[in-house]
Number of protein chains: 2
Amino acid sequence: MTDEIEGVLIDLDGTIWKGNQLIPHADEAIAHLRSLGKRIVFVSNRGNWSRRMCYEQLTRFGMAVTEEEIILSSTVTAQFLREHYPLCQVWTLGDKGLREELRLHQVRLAAVPEEADFLVITLHETMTYQDLNLAFRAVSHGARIMATNIDKTFPNEHGNAIDVAGMVGAIEAATGRKVEFVFGKPTCFMAEAALRQLQVPPNRCLIIGDSVESDIRMGRMHGMRTALVLTGNTKPSQLDALRAKERPDYVLDSIGDIIRLGKEIMQ
Amino acid sequence: MTDEIEGVLIDLDGTIWKGNQLIPHADEAIAHLRSLGKRIVFVSNRGNWSRRMCYEQLTRFGMAVTEEEIILSSTVTAQFLREHYPLCQVWTLGDKGLREELRLHQVRLAAVPEEADFLVITLHETMTYQDLNLAFRAVSHGARIMATNIDKTFPNEHGNAIDVAGMVGAIEAATGRKVEFVFGKPTCFMAEAALRQLQVPPNRCLIIGDSVESDIRMGRMHGMRTALVLTGNTKPSQLDALRAKERPDYVLDSIGDIIRLGKEIMQ
């Protein structure tokens, strides 16, 4: 006999959408969870988006959601800086969503890289040599390195694309300094931000996601129940090779299965 | 007019001792601070020692101190794991002081590297290929990487010796994974642990240390007053080259100067 699930953490890329496509029945699954009275939070390692951008994407897909229900690695980074380093100035290497999120949390942005106490790195899909070099100057002048997340690649329409780890690698190699803070799944910073929003203890939470490394791992490390969906990163052929500590409690073809299996999983 | 100093954070290597030698008058300086009623905490990036080992060293030098007044990067790492990852198992690469400190904080140590959720790396002065390879196995089986601190070198009787960054580099290069958590000075984890022990707000704290990068930096990032001593890492010739954000409020030839200058600095 296990505890009834009251809170559900839901990944976005590969679980709710894939590129610009909603995963079939994802919207109905969310509506179903709401009809059962479950509390919901969306958790994503996207550090190059702001909550507002993510809210607009979910709304475009016809899903009812509030900005508070969205926790991105940019959100968690911004919350951490505001709470632990209120005096410090920040330079960024990343798409503009990160800066929007930092500004919203009253994080101080440095006017020039030389004044920064921290460089925050996230995915930067329009990055130029100039951007990289400004970040290099920040670290050369003593800024310490943070990364919203440390994912190596993400799937796009051409297969795989370079992710944050590539940007971090460039700066580490050029400066000889190492990243010191990472905030995305599966870290405790992300898990605790989600639990704070849900106001539900971890043993009454279920996390649904497509990544063994970030979603299932985070759930297991924090004592949540875990459901892996096969609409993203993980192929059915990989399931047998999973180590004991990586194994999800449930494997679903897609988040749409929640409608059919909800009762069984939530009890 | 500034606030009176009530709490003093004091570095150890290069500030209180150098190798096995007490820095002249360091013991008298501490006694003087105590006679003025100041609260004291010793803060050190040594992650390969336990508090007990450090307590014994200070006692050997004839200094009156409690274990609670000693905060090492091993202490902060152990506190973090206990607070944020109570369910997780840990493998270590480092001298035995780290494991002693983890055990004291009820952190779960993995029986074999394959079961570890985290690898914690610190300085390991008796490291063998076998130790390195066990740590490699932990990360190969999914353990995420923490480092007590990320100092590159430390001074010993032969000049400079390889520090934690060397051990971290070996594991990162072999596994392709990156360190995700660092706990030593100048991070907020260390600063907040010290402030919690002192029970004094940062604007009423003075930090005394020999390192611009870790001691002065931590003080400045957290709004403390800062005093650099010239008995360790920093040479007088380096002072002119310091950037504005690195400059200490005071420069002392040694911590012994506190006896003479205490009144001026503490007001």
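**View 1. B:H25 lies in the loop between β3 (21–22) and α1 (26–35) of chain B.** Helices (H or I, at least four residues) and strands (E, at least two) are DSSP runs numbered from the N terminus. The model is predicted, so that local features need pLDDT of at least 70 and side-chain atom pairs count only at pLDDT 80 or more, whereas totals for chains, interfaces and linings use all residues. Residues are numbered from 1 along each chain as its sequence is written, chains are lettered from A and ligands numbered from 1 in the order in which they are written, and side-chain values use heavy atoms, with hydrogens and water left out. Although B:H25 is not a glycine, its phi is positive, near 70°. Most residues other than glycine have a negative phi, and most peptide bonds are trans. With a relative accessible area of 44%, B:H25 is partly exposed (buried means under 20% relative accessible area, exposed over 50%, partly exposed in between, for a 1.4 Å probe and protein chains only).

**View 2. A:Q106 occupies the loop between α4 (96–104) and β7 (108–109) of chain A.** This non-glycine residue, A:Q106, has a positive phi of about 60°. Its relative accessible area is 59%, and A:Q106 is therefore exposed.

View 3. B:P186 belongs to the loop between β12 (179–182) and α7 of chain B.

**View 4. Strand β8 (residues 118–121) of chain A is covered on both faces.** A:F118 and A:V120 are buried on one side, and A:L119 and A:I121 on the other. Strand β6 (residues 89–93) of chain A runs parallel to β8(A), the two being paired over four bridges (pairing requires at least two DSSP bridges between two strands). A:W91 has A:L119 as its bridge partner in β8(A). Strand β9 (residues 144–147) of chain A is also parallel to β8(A) and is joined to it by four bridges, with A:A147 as the partner of A:I121. Together with helix α5 (residues 129–140) of chain A, β8(A) and β9(A) form a right-handed β-α-β unit; right-handed means that, with the strands pointing away from the viewer, the path from the first strand over the helix to the second runs clockwise.

**View 5. Six strands of chain B form an open sheet with parallel pairing.** The strand order is β5-β4-β1-β13-β14-β15. Because β5 (70–72) and β15 (250–252) of chain B stand at the edges with a single partner strand each, one side of each has no neighbour in the sheet. From one strand to the next, the twist averages 20° (axes are lines fitted to C-alpha atoms, for helices over the stretch in contact, and angles run from 0 to 180 degrees between N-to-C directions). Within the sheet, β1 (residues 7–10) and β13 (residues 205–209) of chain B are parallel and share four bridges; B:I10 is bridged to B:I208. Helix α3 (residues 73–84) of chain B lies across β4 (39–44) and β5, at about 80° to β5(B).

**View 6. Helix α8 (residues 212–221) of chain B lies across β1, β13 and β14 (225–229) of chain B.** Its direction is at about 165° to β14(B). Eight of the ten residues of α8(B) are buried, including B:V212, B:I216 and B:M218. The buried residues pack against β8 and β9 of chain A as well as β1, α7 (188–198), β13 and β14 of chain B; contact means heavy atoms within 4.5 Å. At the start of α8(B), a side-chain oxygen of B:S211 comes to within 3.3 Å of the backbone nitrogen of B:E213. Just after α8(B), B:G223 has a positive phi of about 80°.

**View 7. A:E180, in strand β12 (residues 179–182) of chain A, has contacts in both chains.** A:E180 counts as buried because its relative accessibility is 2%. Its side chain makes a polar contact of 3.0 Å with that of A:R144; such a contact is a pair of N or O atoms within 3.5 Å and, within protein, one must be able to donate a hydrogen and the other to accept it, while residues adjacent in sequence count only if both atoms are side-chain atoms. Beyond its neighbours within four places in sequence, A:E180 contacts residues including A:I145, B:I150, B:E180 and B:T187.

**View 8. Chain A superposes on chain B by a rotation of 180° with 0.0 Å of shift along its axis (RMSD 0.0 Å).** This is the relation of a two-fold axis. In chain A, the C-alpha of A:F181 is the nearest to the axis, at 2.8 Å. Both copies use the same surface, since 100% of the contact residues of chain A recur in chain B. The copies are superposed by least squares on the C-alpha atoms of residues with pLDDT of at least 70 in both.
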